[in-house]
Each structure stands twice: as structure tokens, then as C-alpha cells.
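Here is a short briefing to read with the model open beside you. Take a look at the fold, then come back for the details.

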Amino acid sequence: MTDQSQGFVFTPTPPQPPPANTVGVVGWLRNNLFNGVFNTILTVVSLFLLYLVLPPLIDWAIVSATISGTDRTQCEAAEAAGAGGACWTFIKVRSTRSCSASIPKASSGGRSSPS
């Protein structure tokens, strides 16, 4: 006679990795940027606007920028030559002035000064 009093014995299966499209970069993109029609359209429009705005901005701010020089004449010469980018010469020349501002001496103002 066989012993069938135990019935069905549950044996768990080993854990399996999650589907590839739900984890990692692809999973993040699907869950955050492409999880509905509105978000998909918004993501595509945003990427298109970045495509339109970033290349001219990088060209103006970095590629065609005037960095060398000591005054605005280099920037004006570059603009007259057709390379009208950002004028970083002003920032370079004035940065030492703005970083080394003098602090006025404090008046006594009712406080005793440590001596």
C-alpha cells in the first residue's frame, strides 16, 4: 500500500531574473518617458527642441567664442570677421576683480572689538 496521506508537495522554482525590458536603462526609459501616449509625445517633442537649440548654443558658447584678449576689441574684431560667438574675455578679465572684493571694516556698532 502506498502512502498518499501527504498529497501534493509544493517545491518552489528557483528565482528567475526580471524581464530585460523592465530593468536597467530600457526599463527606466519605458517607466518614466514612454509610459503613455502623452508622455511619449512630450518626450519626442522635447528631444526635437533640444536638437534644435543645443547645436547653435554650443557653437555660440564654445566653438565660436572669443576667450583670449584683454578687452572688448578682440570680441569686436571676431564679430566683424563673422565669428560672432560669446565674449568670454570680459569674464576672464573681470573675474579677478569680482573674486577679490574688499570687505569694509566693521564699525563698532555697540559691540566691543576683540583685542
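This is a predicted model: local features need pLDDT of at least 70, side-chain atom pairs count only at pLDDT 80 or more; totals for chains, interfaces and linings use all residues.

The chain has four helices and zero strands, and a search of the whole structure turns up one disulfide.

**The chain as a whole**

- Of the 115 residues in the chain, 10% are buried.
- Taking contacts between residues at least 6 apart in sequence, 19% link residues that are at least 24 apart.

**The disulfide**

- Cys 75 and Cys 87 are the two partners, with an S to S distance of 1.9 Å.
- The link between Cys 75 and Cys 87 is right-handed, with 75° about the S-S bond.
- Cys 75 sits in helix α3 (residues 73-80) while Cys 87 belongs to the loop between α3 and α4, so the pair ties together parts that are twelve residues apart in sequence.
- Cys 75 counts as buried because its relative accessibility is 8%, and buried means under 20%.
- Cys 87 has 24% relative accessibility, so this cysteine counts as partly exposed.

**Thr 89, in helix α4**

- You will find Thr 89 in helix α4, which covers residues 89-99.
- With a relative accessibility of 1%, Thr 89 counts as buried.
- A polar atom of the Thr 89 side chain lies 3.1 Å from the backbone oxygen of Ser 68.
- Setting aside residues up to four places away in sequence, Thr 89 touches Thr 66, Ile 67, Ser 68, Gly 69, Thr 70, Asp 71 and Cys 75.
- One of those contacts, Cys 75, is also a partner in the disulfide with Cys 87.

**Thr 43, in helix α2**

- Thr 43 is part of helix α2, which spans residues 37-63.
- Is Thr 43 buried or exposed? At 10% relative accessibility, Thr 43 counts as buried.
- Which residues does Thr 43 contact, leaving aside its neighbours within four places in sequence? Leu 33 and Phe 34 are the ones in contact with Thr 43.

Technical notes. Residues are numbered from 1 along each chain as its sequence is written. Side-chain values use heavy atoms; hydrogens and water are left out. Helices (H or I, at least four residues) and strands (E, at least two) are DSSP runs, numbered from the N terminus. Buried means under 20% relative accessible area, exposed over 50%, partly exposed in between (1.4 Å probe, protein chains only). A polar contact is a pair of N or O atoms within 3.5 Å; within protein, one must be able to donate a hydrogen and the other to accept it, and residues adjacent in sequence count only if both atoms are side-chain atoms. Contact means heavy atoms within 4.5 Å. A disulfide is a pair of cysteine sulfur atoms within 2.5 Å.
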